[in-house]
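Here is a short report on salt bridges and helix packing. Please look over the structure first.

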Amino acid sequence: TGDRAGALPPAQEAVTLYRAQAEQNPAYQPDLAMALNNLAITLAETGDRAGALPPAQEAVTLRRAQAEQNPAYQPNLAAALTNLANRLAETGDRAGALPPAQEAVTLYRAQAEQNPAYQPDLAMALNNLAITLAETGDRAGALPPAQEAVTLYERLAAEEPVYADALAQAKETLRGLQDAPE
């Protein structure tokens, strides 16, 4: 319904409940990480971008520990890193957003090499990385990931039209980089 402020109390409650469960049983840590990631997104959507950073950072910490224990959690870590990079960029820390954006690409690339189902995630992460690089002033460095994102989305959209909007966004990113003065 678009009631972002109304979504905040349940998101906070989910973190509280999952935190209590995870303290009793570590098997709930993935649920806590998911709830923290969701809380960070909800906080950012309500305009509390600075408040979104701590749960996003905690989600990355939890997901990193999970991925170290079990590589099956690497896609979850990549998603948490993408969320953290977005939250950092929204607070104006574009340079700080670069390492998690780069790591997300690395993780999604490894996943996509093993399983093509991760190609959309890789394309999205590449486009985000291109935007982040451009926002830090590295337009030349932003061109390769932007081009790779377009190439991936072109293949994906040819097979599944659901990716047409993502392709259009990636093309817009690339066009903006190509048209912008150095």
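Which residue forms a salt bridge with R87? R87 pairs with E90, their closest N and O atoms being 3.0 Å apart. A salt bridge here is a side-chain nitrogen of Lys or Arg within 4 Å of a carboxyl oxygen of Asp or Glu.

This is a predicted model, where local features need pLDDT of at least 70, side-chain atom pairs count only at pLDDT 80 or more, and totals for chains, interfaces and linings use all residues. Residues are numbered from 1 along each chain as its sequence is written, and side-chain values use heavy atoms, with hydrogens and water left out.

The count comes to seven salt bridges. The table lists some of them.

| Salt bridge | Closest N and O atoms |
|---|---|
| R64 and E103 | 2.6 Å |
| R87 and E90 | 3.0 Å |
| E135 and R94 | 3.3 Å |

R87 and E90 both lie in helix α4 (residues 74-90), three residues apart. Helices are DSSP runs of H or I, at least four residues, numbered from the N terminus. R87 is buried, at 8% relative accessible area. E90 is partly exposed, at 34%. Buried means under 20%, exposed over 50%, and partly exposed in between (1.4 Å probe, protein chains only).

E135 sits in helix α6 (residues 119-135) and R94 in helix α5, 41 residues apart.

T173 lies in helix α8 (residues 164-179). T173 is buried, with a relative accessible area of 15%. Leaving aside neighbours within four places in sequence, T173 is in contact (heavy atoms within 4.5 Å) with N127, A130, I131 and A146.

Terms used: Helices (H or I, at least four residues) and strands (E, at least two) are DSSP runs, numbered from the N terminus.
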